[in-house]
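Biologist: Please show me the sequence and the model, and let us then discuss them by question and answer.

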Amino acid sequence: MSRVIALWSGGKDAMQALCHARDQGHQVVALVTFAPPNPRFLAHPLPLVRRQAEALGLPHQLVTIAAPFEQSYEQALVSLQREWAIEGVVTGDIDSVGGADNWIRARCQPLGLKVHTPLWQQPRDVLLADLLARGIRAHLSCVDSRVLTPDWVGRALDAASLAELQALAARQGFDACGEQGEYHSMVTDGPGFAAPIPLNGWRVARQDHLAYLAEDGASHLVS
């Protein structure tokens with residue numbers, strides 16, 4: 001068993017990686033979100049991220065990152081290594097994005113931190129089947145409307161929607177797991193949650209080519 005932190009967006013991939021890390025015997029001591037100063041995440045709202053951590057019974061740490069980014073990330077990781085006495089980092093990365101090297105692996109290597117990427121380059125159908133098999137409940141929180149229509153926002157990733165999504169991905173040639181930014185998700189229930197998180201008081205908003213969940217006084221979603 002090794003002590004690790006899990007890099008946490010609140011999406012399905014982060015949740016699956018957390019589950020796999022625990023299956024492999026790692027002790028996950030905290031959830032960590034790297035963010036710029038004054039962050040405003042459209043796809044992964046921080047209030048929901050904090051509620052996820054509470055539901056999972058894990059500390060959540062927001063770490064501010066600024067330029068120069070390589071140095072800032074490595075300094076942050078050194079601080080986390082000391083604070084939590086960790087030996088490794090868990091990420092939900094599935095593949096390289098835009099052909100770039102894995103950023104966290106590159107930052108951790110000089111620090112002697114082992115990076116665990118249990119989802120890395122796994123077949124997409126296997127990953128999505130694993131999502132269902134584990135009972136992870138996730139909703140689409142943001143979509144690239146050039147790939148998916150805005151009415152996908154808020155939909156639960158259940159068996160029916162995943163089958164539809166995979167069929168669209170096969171026809172159009174995009175990543176069925178959304179690894180290239182086609183969509184993002186937020187988990188509302190899953191292994192280790194003390195209770196589900198209801199998605200109340202959200203509406204669909206638009207910014208450029210993105211459609212996303214935004215807080216609103218009137219609810220139209222129920223998890």
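The dialogue below turns to pockets, cores and aromatic rings.

Modeller: This is a predicted model, in which local features need pLDDT of at least 70 and side-chain atom pairs count only at pLDDT 80 or more, while totals for chains, interfaces and linings use all residues. Residues are numbered from 1 along each chain as its sequence is written, and side-chain values use heavy atoms, with hydrogens and water left out.

Biologist: How much space lies in the largest pocket?

Modeller: Rolling a probe the size of a water molecule over the atoms shows where empty space is left. On a 1 Å grid over the protein atoms alone, a pocket is an open set of points where a 1.4 Å probe fits, with protein on both sides within 12 Å along at least five of seven lines. A volume is the space filled by probe spheres set on the points, which are joined across faces, edges and corners. For the largest pocket this space is about 1100 Å³.

Biologist: Which residues that line the largest pocket are the closest to its centre?

Modeller: Lining residues have an atom within 4 Å of a grid point. The largest pocket has 38 of them, and the closest to its centre are Ser-9, His-44, Asp-93, Glu-179 and His-184.

Biologist: Which element gives the largest share of the lining of the second largest pocket?

Modeller: The second largest pocket holds about 180 Å³ of space, and Trp-202, Tyr-212 and Glu-215 are among the residues that line it. Helices (H or I, at least four residues) and strands (E, at least two) are DSSP runs, numbered from the N terminus. Two or more lining residues come from each of H2 and strand E9 (210-215). The largest share, 4 residues, comes from E9.

Biologist: Which residues have the most contacts inside the largest nonpolar core?

Modeller: In soluble globular proteins, nonpolar side chains tend to be buried together. A nonpolar core is a set of buried Ala, Val, Leu, Ile, Met, Phe, Trp, Tyr and Cys residues joined through side-chain atoms within 4.5 Å; buried means under 20% relative accessible area, exposed over 50%, and partly exposed in between, with a 1.4 Å probe and protein chains only. The largest core has 48 residues, and those with the most contacts inside it are Trp-8, Met-15, Leu-56, Val-143, Leu-148, Leu-165 and Tyr-183.

Biologist: Is Ile-65 buried or exposed?

Modeller: Ile-65 has its place in the loop between E3 and H3. Residues in contact with Ile-65 (heavy atoms within 4.5 Å) include Phe-34, Pro-36, Tyr-73 and Ala-76. With a relative accessible area of 5%, Ile-65 is buried.

Biologist: What is the arrangement of the rings of Tyr-73 and Trp-103?

Modeller: Rings of Phe, Tyr and Trp (its six-membered ring) pair if their centres lie within 6.5 Å; planes under 30 degrees apart count as stacked, over 60 as edge-to-face and the rest as tilted. A search of the whole structure finds 2 aromatic pairs. The centres of the Tyr-73 and Trp-103 rings are 5.5 Å apart and their planes stand at 75°, so the pair is edge-to-face.

Definitions and conventions:
Lists of a residue's contacts leave out its neighbours within four places in sequence.
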